[in-house]
Amino acid sequence: LHRRVAADVADEELAKLVDTLNRMIGRLQTSFGALRRFTADASHELKTPLTVVRADVGRAMHPGASNEERMQVLEEAMAEVARMSDLVDGLLTLARADEGRFEVYREPIRLEPLARDVFETAVILGEEAGVSVALPLVEDATVMGDATRLRQLFLNLITNAIKYTPRGGHVEITLSLRNNDEVGFAVRDTGVGIAAADLELIFDRFWRADRVRSRKPTDGRGTVDRGGFGLGLSIAQWIAQAHGGSLTAQSRLARGSIFTVLLPVAKADADAPPSPEKPA
Ligand code: ADP
């Protein structure tokens, strides 16, 4: 796929055809490359926890191991298995989304209660992480969508905001109407931020700012292990797009980030069947 058809053809029509062919080969090369990277990344992410689980089981089976030691290693193995399940769930979601066979239910969803609900979870997560969370603005709006998926999308942005904000920082959640036909759910944090050059990469699968995959308890800045696989934002963006909306990010390194979901507001009579009296 790295090869191209020679372009020095005299015939104009043939030259056009050669150009089209070459561009098609180029696109194939890019997508094969992406696929290869994706498989390599997924295998790598699974390999680490599998190695840990194998070692743990070996230690638990050792005849000299005490009950206490056994419990300890089994707990560690359990945590790794949970991580692998999360990864496989994420991969399955994306694979189904790619194939276009993921059902996104469409029913009228009021966003205000949903925003308040995820805010409550955010407060609890924030308390554990020493990050204060506020909900300064909530305007109600109804969208046609899938409540479970929208919740997943909102929570993903919230957990990221808390995860990437050091202790003492602040996270703000807002839900506001924009031009009456769109509603915006925004999560703003005062965290580590994202470098301008990285901003276009954050929605890529497996992309993470700190590419170091060794999961040490601290990362040298005194913050705890941030876990993650780099799939969350890809899934979040897919959910927003599957609802006819978008997910965008603005950020400044060491200053903080804002992630904004825009969703089309449901028409007032979207859930009612069209009445025959109404003119077309
Ligand atoms: P994960 O959080 O599991 O690594 P995501 O897909 O959710 O994966 O995010 C990808 C990367 O984008 C993160 O690893 C992090 O580097 C960056 N990122 C996401 N949200 C934020 C945020 N609120 N502040 C700073 N960086 C962020």
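Where is the place of R208? In this predicted model, R208 belongs to the loop between β5 (182-189) and α5 (232-242). Let's begin there and then move on to the ligand.

R208 has a relative accessible area of 14%, and because buried means under 20%, R208 counts as buried. The side chain of R208 makes a polar contact with the side chain of Y164, at 3.3 Å. A polar atom of the R208 side chain also lies 3.5 Å from the backbone oxygen of G228.

From here, follow R208 and Y164 to the ligand: both are among the closest of the 20 residues that surround the ligand, together with N160, D189 and L233. Y164 places a polar side-chain atom 2.8 Å from an oxygen atom of the ligand. For D189, a polar side-chain atom lies 2.9 Å from a ligand nitrogen atom. The backbone takes part in the picture too, with a polar backbone atom of G230 at 3.2 Å from an oxygen atom of the ligand. Taken alone, the ligand exposes 530 Å², and the protein buries 97% of that.

Now look at the surroundings as a whole. The ligand takes up the space of the largest pocket. Two or more residues of the shell around the ligand come from each of α4 (147-163), α5 and β7 (256-264). Of these, α4 gives the largest share, three residues. Sorted by class, the shell consists of 11 nonpolar, six polar and three charged residues.

Methods. Residues numbered from 1 in each chain as written. Predicted model: local features only at pLDDT ≥ 70, side-chain atom pairs only at ≥ 80, totals over all residues. Heavy atoms only, no water. Helix = DSSP H or I, 4+ residues; strand = E, 2+ residues; numbered from the N terminus. Buried < 20%, exposed > 50% of the residue type's maximum accessible area, 1.4 Å probe, protein only. Polar contact = N/O pair within 3.5 Å; in protein donor to acceptor, adjacent residues only side chain to side chain. Near = heavy atom within 4 Å. Areas by Shrake-Rupley, 256 points an atom, 1.4 Å probe, with all protein chains shown as cover. 1 Å grid on protein atoms, 1.4 Å probe; cavity = no way out; pocket = protein on both sides within 12 Å on 5 of 7 lines; lining within 4 Å. Sits in = over half its atoms within 2 Å of the grid points. Nonpolar A, V, L, I, M, F, W, Y, C, P; charged D, E, K, R; others polar.
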